[in-house]
Amino acid sequence: MKKIVICGNYGGSNTGDEAMLEGMLESLRDKAEIIVLSHDPRHTKKHHDVTSEQGLPLGIRSFWKHNLTGLKRQTMRIFKDADLFILGGGSLFTDEESNRAPSMWAKQANAAIESNTPLVMFGQTLGPISDKKSKELVSEIFKKASGIYL
């Protein structure tokens, strides 16, 4: 059975993102083994009845936690073992609320690319992005995607 990893702003903080995840799970549940990378894996597992693990760190505290506890190695193994990586949207690639957001989500996408796992961008809303480097980064990530479904 194929392994699909889904990553996005999951873990209970945004109702719209949670609804998008539920829709993806409904259409994929019988077709593949699914792992959802989440900010709060316990919440995701409980509310969506799916295997869930911590995504790559997005902030300084989670970066140190991941590296010191071995979670980073475990998460990278998930990327490498996957047959498909879906970066599920909402408004991930915008610097309207945080100028760090595009690079944080690009980090997840790049992990899939570096693991030779096909990347699909699903339900993404792009922008606004005002920072030139962020625009270039997002453009490069989307060019490397195997599929884009906005």
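Q: Which residues of α5 are buried?
A: This is a predicted model, where local features need pLDDT of at least 70 and side-chain atom pairs count only at pLDDT 80 or more, while totals for chains, interfaces and linings use all residues. Numbering runs from 1 along each chain as its sequence is written, and side-chain values use heavy atoms, with hydrogens and water left out. Buried here means under 20% relative accessible area with a 1.4 Å probe, protein chains only. On that basis the buried residues of α5 are Ala101, Pro102, Met104, Trp105, Ala106, Gln108, Ala109, Ala111 and Ala112.

Q: What do the buried residues of α5 pack against?
A: Helices (H or I, at least four residues) and strands (E, at least two) are DSSP runs, numbered from the N terminus. Contact means heavy atoms within 4.5 Å. With that, the partners are β1 (3–7), β2 (33–38), α4 (71–81), β4 (84–93), β5 (119–126) and α6 (132–144).

Q: Why does Ala106 count as buried?
A: Ala106 sits in helix α5, residues 101–114. Leaving aside residues up to four places away in sequence, it touches Phe93, Leu137 and Ile141. Ala106 counts as buried because its relative accessibility is 2%.

Q: How are α5 and α6 oriented, roughly parallel or roughly antiparallel?
A: Their axes, lines fitted to C-alpha atoms over the stretch in contact, with angles from 0 to 180 degrees between N-to-C directions, come within 10 Å and cross at roughly 30 degrees. Angles under 35 degrees count as roughly parallel, over 145 as roughly antiparallel, 65 to 115 as roughly perpendicular and the rest as oblique. So α5 is roughly parallel to α6.

Q: What is the orientation of α1 to α2?
A: Helix α1 (residues 15–28) and helix α2 (residues 41–48) pack with axes 11 Å apart, at an angle of about 55 degrees. That makes α1, relative to α2, oblique.

Methods. Buried means under 20% relative accessible area, exposed over 50%, partly exposed in between (1.4 Å probe, protein chains only).
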